[in-house]
Amino acid sequence: PAPTGGHAETGSGVATTSTGGNVFFIASNGEVVNDYLAAGTWEGPAPTGGNAAAGSGVAVTADGDNVFFVDANGEVVNDYYTGTWGGPGPTGGTAK
């Protein structure tokens, strides 16, 4: 396998878009980041905007425009892409 780039936090989950061209994970500094395939070459990791709590999972929508994770306050939040990354925005949920 070819490395995509970046170093994941120990225990970080990995989520990918339906095409496999974007890979999201939690970096060793707690940032939620994205490695992406551009013209056949892996780029990144690029931050999406939020910091995850230790042990948080990560989930992404099929198109890669929304990334969900648990922040340091235990809230389920969403980084979102609208040409640039924004967030994290609240989803209304709290993780247990």
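My notes on strands, core, rings and a few single residues follow.

**Ground rules.** I am working with a predicted model, where local features need pLDDT of at least 70, side-chain atom pairs count only at pLDDT 80 or more, and totals for chains, interfaces and linings use all residues. Residues are numbered from 1 along each chain as its sequence is written, and side-chain values use heavy atoms, with hydrogens and water left out.

**Entry 1: the open sheet.** I looked up the sheet and found 4 strands in the order E1-E2-E3-E4, open and with antiparallel pairing. Strands here are DSSP runs of E with at least two residues, numbered from the N terminus, and two of them pair if DSSP finds at least two bridges between them. Which strands stand at the edges? They are E1 (14–16) and E4; each has a single partner strand, so one side of each lacks a neighbour in the sheet. From one strand to the next, the twist averages 25°, with axes taken as lines fitted to C-alpha atoms and angles running from 0 to 180 degrees between N-to-C directions. I then checked E1 against E2 and found 3 bridges in the antiparallel sense. Thr-16 has Val-23 in E2 as its bridge partner.

**Entry 2: a hairpin.** Next I followed E7 (residues 75–81) into E8 (residues 85–94), an antiparallel pair with 6 bridges. Asn-78 is bridged to Gly-89 in E8. The hairpin has 3 residues between its strands, and Gly-83 takes a positive phi near 100° there. Thr-82 also sits in the loop between E7 and E8. Is Thr-82 buried or exposed? Its relative accessible area is 64%, so I noted it as exposed (buried means under 20%, exposed over 50%, partly exposed in between, with a 1.4 Å probe and protein chains only). I also compared Thr-82 with Ala-53: they are 29 residues apart in sequence and 24 Å apart in space, C-alpha to C-alpha.

**Entry 3: the nonpolar core.** I searched for nonpolar cores, meaning sets of buried Ala, Val, Leu, Ile, Met, Phe, Trp, Tyr and Cys residues joined through side-chain atoms within 4.5 Å. The largest has 10 residues, among them Ala-15, Phe-24, Ile-26 and Phe-69. E2 (22–26), E5 and E6 (66–70) each supply at least two residues of this core. Beyond its neighbours within four places in sequence, Ala-15 has contacts including Phe-24, Val-58 and Val-60, where contact means heavy atoms within 4.5 Å.

**Entry 4: rings.** How many aromatic pairs does a search of the whole structure find? I got 2, counting rings of Phe, Tyr and Trp (its six-membered ring) whose centres lie within 6.5 Å; planes under 30 degrees apart are stacked, over 60 edge-to-face and the rest tilted. Phe-24 and Trp-85 make an edge-to-face pair, 5.9 Å centre to centre with 80° between the planes. Phe-24 is in E2 and Trp-85 in E8, so this pair ties together parts that are 61 residues apart in sequence. Phe-24 is buried at 0% relative accessible area, while Trp-85 is partly exposed at 24%. Tyr-81 joins Phe-24 and Trp-85 in a cluster linked by ring pairs.

Entry 5: Asn-34 lies in E3 (residues 31–38) and is buried, at 5% relative accessible area. Among the residues Asn-34 touches are Phe-24, Pro-45 and Trp-85. Ser-56 is in the loop between E4 (41–51) and E5 (58–60). Ser-56 counts as buried at 6% relative accessibility, and I found it touching Ile-26, Phe-69 and Val-70, leaving out residues up to four places away in sequence.
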